[in-house]
Structure formats: C-alpha cells, structure tokens
Amino acid sequence: MLAERRLDWRVLVVHAVTFRQARAILSSAGPIALVFAVQGRLGSFGLIAIAVLATVASLAFSALRWWRFSYEIDAQRLLVRQGLLSRSERAVPLDRVRGVDVEAPALHRLFRIAVLRVDAAAGTGGKDEAVLDAVSAADTGRLREVLLTQRAVGPVAAPVAAAVPGSADMAVAERVFARLDPRWLLYAPLVGSYLAVPLAIGGTLLRDVQSLPIPAGLRDLLDVPDEAGVGRIALTVLAALAVVAVGALVAGAVSNWGFVLAARGSNLVAERGLLTKRTVSLEIDRIRGYVLSQGIGIRLVRAARLTALVTGLGDQNRRGQLLPLGPLHVTEEVAASAVRRFDTPLLPHPAAALRRRLVRSVGPPALVSVALLLLGLPLAASILAVLAVLGVGLGIDRYRALGHAADTAALAVRSGALLRRRVVLEQRALVGWRIQQSWFQRRAGLLTLVACVGAGEGGYEVLDCSTGQGLDLVAAVSPGWANALSSRPQFSRGNQLSK
Amino acid sequence: MTHPAAVPRTPAYQVSPNAIGLWTLEGAISSVFLLAAGIVAAVLVPAEAPTVVRVLAAAAPYVAAAYAVVAVAIRPRLRFRVHHWEVTDESVFTLTGWLTQNWTIIPIARIQTVDINRGAMQRLFGLASVAVLTASSKGTVEIVHLDAAVAGAVAPDLARRAAAIRDEAT
C-alpha cells in the first residue's frame, strides 16, 4: 500500500529541457523559428526571446501538470488522478496488472528517475496502461514489487506490503536465463527492423536538407558533377552498404545492449538498452508459449529471435521479447528453460502440400512470363522466367518449413520461408479451433487448421496438413470438447432448444 | 488414430428457414440498385464513346439481370444449405461456406461473452444472430439468422453454462 503522492519533481527539469509540454502546444513554433533564424530575419535578441519564452512556457505547463497529478495504491487498486480543469481518475485493479515496465531514457537516467508503465489486462476500460512519468529510481523498484507482489499474493496479505518500503532491493530469488553476448549484435545488419533505422534516419536527413533554404553556393558544392565511372559507382554503393550495416549494428546495440533475461519471484524480467534503459516484467503464470522467428537473413547464419506469448498483454512483439537476437541453439535453450521444453519432432505435411507451394511460388511468374513472351517482350519474359525458377527453391523451402506436433501439454507449429516461425503453444491457452478447407484443398485431402488463442496474434495456422493429421492434432490437443468434430451429433440441452 | 469419416463432420442444425426470405429480400434490394445503374449506363452512354465503353455499357443491364437471378433465386437457398450450427455438451460448433468451408469450434469453458444481435431486417423476419466471443480475436463464432426464439433460448443458456465452468487459463 502506498499513500497518495506526486511524481518525482526532477521530471520537471527533464520536461523543461526537452520542451515536452511546449512542443505539444506549439508544435510548429520550432521549425518556423529555425527557418527565420536561417534566413537571418530574426535578430539574436528575438531568438533569445523565443527560447526563453518556450522554456518558461514549458516549465509552467510541466509544473501545472505535475501539481495536478497524483497516484496511490490502496488494498486493491492503483489510482491515478490527473487533469488541470477536467479531472480524471483511473483505477487499475491490482489483480489485472499483467506487467510493469520501467523505462529510463538517457536524460531521465541523468536525474536518476524513470518512467513506469503499468500494463493491465483489457476490461479495465479505455486504455490498458497507466503511465507514471516519472518516479525516482529508488521508488521504481519498490513500486514494481508492490504492484507485482500484491497482485500475486492478493490484497489480504498486508504484512508483505508493509515490509516492502524498507527493502527496495528485496532479496527475491533470481535465475538468469540469458545474457546478450555482444558478438550476437553482428547479426543486426541481417534484421529488417534494425536495417530500417539507418535508412529512415538517412531519408529524414535527406528530406530536411532539401527543405532547408540552402544558399546557392553551398548547393553547388553538394551537387558534385559525377564523372560516372563504374568503379566509382561500385565504391559508392559499397560505402553506402557499409554505412547502413554499421547503422543497423548501432541500432541493434542501442536497443539491446546489456540484455538480461531472468526470473525474479513470479516474474520474468528482461532488461536492456544502451541509452534508454528498459525493464519489462512479465508474469510467468500468464506465459502460454513462445514464438521462435527467423527472417531469411538471420536464418542463413543460423540465428533466431524469441518472443513470449502472454495472455492479455498488449504490444506483444516489443514487450514479450525473450531474446532479441542469438544463435539458434542458444535461443532454443532459452525457450526450453524459460518457457517450456518441447522435444517432440514435427510431423511433415503430405506431398500435396508441396504441390500447392510449388503451384503458388512458380505459377504466377511462369504465367506472366509466357504472357509477356506472347506479347513480344522477351527481356521482361526472361526476368520472370528466372523468378519462376527461383520460385521452385522458394516453394520447396516453404514446404520443408511446414510441420506440427503435439506433446502432452502443448502443440508446435512451423511455417514460412522468408520469415520462418516456430510457435509452441500450451494446450490450456486454446480457446477454439478454426478449420478451413477450400475446394482445391478438399480435392487434395488437405485442410488448414487455426489454433485460436487469447495471446499474440490471436491465431496460429497449421497450413495444409492432411485431413487425418488435422483431426488427429485436434483430438490430441483438445480431448473432450473438440470430439464434436468427428463424433456423431450429441443431443444435449442446447440442441433441444432449437427443436 | 484413424477416422471413420476423414473430414470434420457437419453440425446438426440449419439456420431458420426465414433466413431464405431475408437473403432474398437483400438480394432483391441490391439487384434493383444494380439494374437501375446498368440501365442508366446503357441509356446515357454517349454515342461518340470508344467502342469498348459502348459495348460494356450496352451489356451492363444484362449483367445486372443475371446477377439479379442469382441473388434472388439461387444464392439464398445455397446460403441456407451451407450454414450449420450445433451446441454440444462442451462446445459451440459451426460450419459455413460453400467453395471454401469453415468449421469453428469453441469450448463452452472458454466463452467470454454471448451477444444476441437483431438488425432491422432481421426483426422483419423474426430472426436474430448469436455471437460467441472468446479471449482471441480469431476465436469468435457468429451463428447468423436463427429463429428469434431459438436465439433467445440458446444465448442465455450458453452464457449460464460458460459462467458455471469458466476457467481463467486464457
């Protein structure tokens, strides 16, 4: 339990420095001032005046917000009150708390404060999280313990809560599952999301440079006339690739530096970040499986990433990360020790599934190629013919990815070539089955099974298994309630109602 | 394990026969609009338009008429034949679709909410739909166009049984 209190005052300094409030109100003031400044129409006095005004306004708004923002934890709820004129009060029941994230951007770290995000299961009305920006570093540990332990032991166990304030670093049993080896960051240039960072920054820079009023002399300097030599072009391309690769490496390092995954009490805690330090806690009791995914790039170097499937967790991909990058065998080991071991070998799907993969990967480019040839465009036709040949490899690879298996308490599904994913799901997470069978599948004796779960994407596909395999999997994983799929109709209360 | 019938079976019940009337009415309404549009296109097409456009415009009323025949005389009956549902002791079970068939089965223990929906047109035909929702966005079932009385009995029964045996594992 925690008496009503305000946020840490040091956040005012951070907000003033970053113009957080002022930016929200005068979002266009900055660029306008910049343009005036560059064009020299604003005296240095005017510039200083604008800066001072912005700082004062920012500080004033921050202070008002800080003054009217309070939070407390009573026996059952976290209460957050805020608002300048129209007051709002959000109550998050402690038994709805699914996780607590602590995030400390660089500036926050300088002042030893952090942003606390309380992630609550849907059903609390409106948004699913409460944000405390910011509390002192000492308080974050204590708050996290209160929010997570009270939820675990229930509101009756007041003694635990009473003991908390004195012990910010509660001696909870900790078991480390994974630590990021810095060498694994070398995989980052093969991951799309990290590659996107330098590309996006480059794009933004380019756009801003173009929109800035650059004096004519400078522009001439930028537009170097190119004496297009093949060697020079190749060199430029190589340099660009190197820059992008290094950028991806840096992006990967910035977000994942010092990644540690550990079990602390009844939670899995993941810490990471070079500048912004993030700590994400996941309730172990809510973890229902994992996704091991490999984009084509990292699959070639036998690496993978690991995400947990957690019921009622928003933003699963970001928050559920169990290992951002690592060699395949390490990732598998972490999945086995932190979530569950699944050793049953996957059953391959029937040959008809291979036929369907090949028809899909080879068919369209082959047809277009023939059409182009008939239209008298041999060059374009040959390009598509090459694509069709590559499609053979893609189709075979996609087929080889297909597989499924069940053990006593879980099922596993694998699929995908460009993005291969192996999903392991606990049986108890299942909320239903969906079976799809197109006319073509019916003729080939195949069907697609979707395991519906209240976690992750909501459903995971078993693509093109044989009808028998599908029914076997359903029977093995959901004994009892799914019998209706293959048994004779039962005549129960529900049915009699319709007669 | 072997399966006597190597396909999932068909649920026992069909939707209300009144659904045919509703689907026919819906088909008729869309046909009227399409026919009107087709006739307008055929009448108003300028004589100096390219041949392709004129041929297409001339064909439009006939295409619309063909659609009307399908939508009014054929599709409602076909739809009726491919909608099946059943509530067993432990699950809700539906099958819909013709070229692509879709079976959905949900254990009653995992049902979160059961809704009854009655649209204006459904009211006209004494129909109602029952929507069964779970924690998964993909694990939902909608039994469309039941007899209002059947829906009114099935939905509360499902909700009551779900509340009695609900487990919170999801």
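**Close-up views of a predicted model**

View 1. Strand S6 (residues 113-120) of chain A and S7(A) pair in the antiparallel sense, and 7 bridges join them. Both strands belong to an open sheet of 7 strands, whose order in chain A is S7-S6-S5-S11-S10-S9-S8 and whose pairing is antiparallel. At the edges are strand S7 (129-136) and strand S8 (174-179) of chain A, each of which pairs on one side only. On average, and with direction ignored, neighbouring strands of this sheet are turned by 20° against each other. Helix H1 (residues 10-18) of chain A packs on the sheet, where it touches S6 and S7 of chain A and makes an angle of about 100° with the direction of S7(A).

**View 2. The six-stranded sheet of chain A.** A second open sheet has 6 strands with antiparallel pairing, in the order S14-S13-S12-S17-S16-S15 of chain A. Strand S14 (321-327) and strand S15 (403-406) of chain A stand at the edges with a single partner strand each, so one side of each has no neighbour in the sheet. From one strand to the next, the twist averages 15°.

View 3. Strand S12 (residues 287-295) and strand S13 (residues 303-310) of chain A pair in the antiparallel sense over 6 bridges, and the bridge partner of A:Ser293 in S13(A) is A:Arg305. Helix H13 (residues 328-338) of chain A lies across S12, S13, S14 and strand S17 (419-426) of chain A, and runs at about 150° to S14(A). Helix H17 (residues 467-477) of chain A also packs on the sheet, touching S15 and strand S16 (410-415) of chain A, with a direction at about 30° to that of S15(A).

**View 4. Two helices of chain B.** Helix H1 (residues 18-44) and helix H2 (residues 51-81) of chain B pack at an angle of about 175°, and their axes are 8 Å apart. This angle makes H1(B) roughly antiparallel to H2(B). The residues of the contact between H1(B) and H2(B) divide into 20 nonpolar, 5 polar and 4 charged.

**View 5. Confidence along chain A.** The mean pLDDT of chain A is 80, and 81% of its residues reach 70 or more. Over residues 153-170 of chain A the pLDDT is below 50, and this stretch has 13 contacts in the model beyond near neighbours in sequence. Where pLDDT is low, the predicted coordinates should not be read in detail.

Methods:
Residues are numbered from 1 along each chain as its sequence is written. Chains are lettered from A and ligands numbered from 1 in the order in which they are written. This is a predicted model: local features need pLDDT of at least 70, side-chain atom pairs count only at pLDDT 80 or more; totals for chains, interfaces and linings use all residues. Side-chain values use heavy atoms; hydrogens and water are left out. pLDDT is the predictor's confidence in each residue, from 0 to 100. Contact means heavy atoms within 4.5 Å. Two strands pair if DSSP finds at least two bridges between them. Helices (H or I, at least four residues) and strands (E, at least two) are DSSP runs, numbered from the N terminus. Axes are lines fitted to C-alpha atoms, for helices over the stretch in contact, and angles run from 0 to 180 degrees between N-to-C directions. Angles under 35 degrees count as roughly parallel, over 145 as roughly antiparallel, 65 to 115 as roughly perpendicular and the rest as oblique. Ala, Val, Leu, Ile, Met, Phe, Trp, Tyr, Cys and Pro count as nonpolar, Asp, Glu, Lys and Arg as charged, and the others, Gly among them, as polar.
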